[in-house]
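Here is a walk through one protein model, strand by strand and helix by helix. Keep the structure open and turn it as you read.

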Amino acid sequence: MHNGKTAVITGSSTGIGKSIAREFSKRGAHAVINYVGNPDAANDVVNELNRNGSFAIAIEADVSNQSEVTHMIRKAVETFGKIDVLVNNAGIEKSTPFLDKPLKDWTREIEVDLTGPFICAQAAAREMVERNIKGVIINISSVHEDIAFPGYAAYCAAKGGLRMLCRDLALELAPYGIRVLNVGPGAIATPINKKTLEDPEKRKKLEKEIPMRRIGNPEEVAKLVSFLASEAASY
């Protein structure tokens with residue numbers, strides 16, 4: 001399904017991003033494992049994928065830092081010759097009551113969760129256009145692009161902005177044959193919400209709000225992202 005393609009997945013040393021990298025690799029793609037501050041985890045993913053017969057590399061880059069992103073994209077192109085898919089998965093969140101939210105925390109979440117996808121999408125799209133690649137950019141957003149989440153004002157604002165950014169980029173890049181999509185997962189069992197899921201009361205409350213009464217898993221998100229990046233979803 002993705003034989004010979006190159007996929008750059010931000011924040012892919014853990015959680016949803018790691019599962020997405022595995023899924024693309026399983027389908028024959030080369031994978032760029034992006035991380036910040038934990039090379040061991042990233043290298044573990046790279047070694048796992050390479051053992052399974054694919055070709056993966058790890059590149060450290062803070063998605064909110066334009067020079068680091070530029071280096072990541074250039075390194076990916078130097079290694080694999082092109083970029084076919086960008087998955088903007090890297091993100092952070094911090095629970096703080098609105099009245100107590102420090103400006104520095106607000107700024108940091110917006111930088112990573114909204115500005116980061118802009119920087120990465122622009123860098124990747126420029127490479128796609130230059131090489132006439134009919135590529136795909138997929139943002140891992142959240143149900144909180146629509147649903148308010150008290151205590152997470154910055155996260156919700158960033159995801160709402162990401163939804164609108166996706167719509168605009170989809171129109172601007174369509175003439176180049178580049179598709180841009182958002183995937184907005186609900187509650188997924190990842191390390192970022194481990195404490196919540198290990199608390200029986202919190203987990204029960206969360207599951208009660210979900211019609212299917214269960215938490216999703218990263219593999220379910222990964223399979224959807226893989227499909228959307230494939231020719232099967234070309235329209």
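Which residue in E2 does Ile 9 stand opposite? Ile 9 stands opposite Ile 33. Before going further, note that this is a predicted model, in which local features need pLDDT of at least 70 and side-chain atom pairs count only at pLDDT 80 or more, while totals for chains, interfaces and linings use all residues. Residues are numbered from 1 along each chain as its sequence is written, and side-chain values use heavy atoms, with hydrogens and water left out.

Helices (H or I, at least four residues) and strands (E, at least two) are DSSP runs, numbered from the N terminus. Strand E1 covers residues 6-9 and pairs with E2 in the parallel sense, over 4 bridges. Two strands count as paired if DSSP finds at least two bridges between them. E2 also pairs with E3, again in the parallel sense, over 5 bridges. Here Ile 33 has Ala 58 of E3 as its bridge partner. Of the 6 residues of E2, 5 are buried, so the rest of the structure largely encloses this strand. Buried means under 20% relative accessible area, exposed means over 50%, and partly exposed lies in between (1.4 Å probe, protein chains only).

E1, H1 and E2 form a right-handed β-α-β unit. E2, H2 and E3 form a right-handed β-α-β unit too. Right-handed means that, with the strands pointing away from the viewer, the path from the first strand over the helix to the second runs clockwise.

Now look at H1. Ala 21 lies in this helix. Its relative accessible area is 0%, so Ala 21 is buried. Leaving aside neighbours within four places in sequence, Ala 21 is in contact (heavy atoms within 4.5 Å) with Ile 9, Ser 12, Ile 33 and Leu 49. Ser 95 makes a contrast: it is 74 residues from Ala 21 in sequence and 28 Å away in space, C-alpha to C-alpha.

Side chains of opposite charge can pair when their charged atoms come close. A salt bridge here is a side-chain nitrogen of Lys or Arg within 4 Å of a carboxyl oxygen of Asp or Glu. The structure holds 16 of these salt bridges. Glu 23 takes part in several. One joins Glu 23 to Lys 26, with the closest N and O atoms 3.5 Å apart. These two are 3 residues apart in helix H1, which means about one helical turn separates them. Another joins Glu 23 to Arg 27, at 3.1 Å between the closest N and O atoms. A further one joins Glu 23 to Lys 223, at 3.8 Å, N to O. Glu 23 lies in H1 and Lys 223 in H8 (residues 218-228), so this pair ties together parts that are 200 residues apart in sequence. Through shared partners, Glu 23, Lys 26, Arg 27 and Lys 223 join into one network.

Lys 26 is exposed, at 59%. Arg 27 counts as partly exposed, at 32%. Lys 223 is partly exposed, at 44%.

Move on to H2, residues 39-51. Its buried residues are Ala 41, Ala 42, Val 45, Val 46, Glu 48 and Leu 49. They cover an arc of only 160 degrees around the axis, which puts them on the same side of H2. The arc is that of the directions from the helix axis to the C-beta atoms. What covers these buried residues includes H1, E2 and E3. The face turned away carries the exposed residues Asp 40, Asp 44 and Arg 51. After H2 comes Gly 53, whose phi is positive, near 100 degrees.

Finish at strand E5, residues 136-140. All 5 of its 5 residues are buried, so E5 is largely enclosed by the rest of the structure. Val 136, Ile 138 and Ile 140 point one way, and Ile 137 and Asn 139 the other way. In a regular strand the side chains alternate between the two faces of the sheet. E5 pairs with E4 in the parallel sense over 4 bridges, and Ile 137 is the bridge partner of Leu 86. E5 also pairs with E6 in the parallel sense, over 5 bridges. There, Ile 138 has Leu 181 of E6 as its bridge partner. The chain crosses from E5 through helix H5 to E6 in a right-handed β-α-β crossover.
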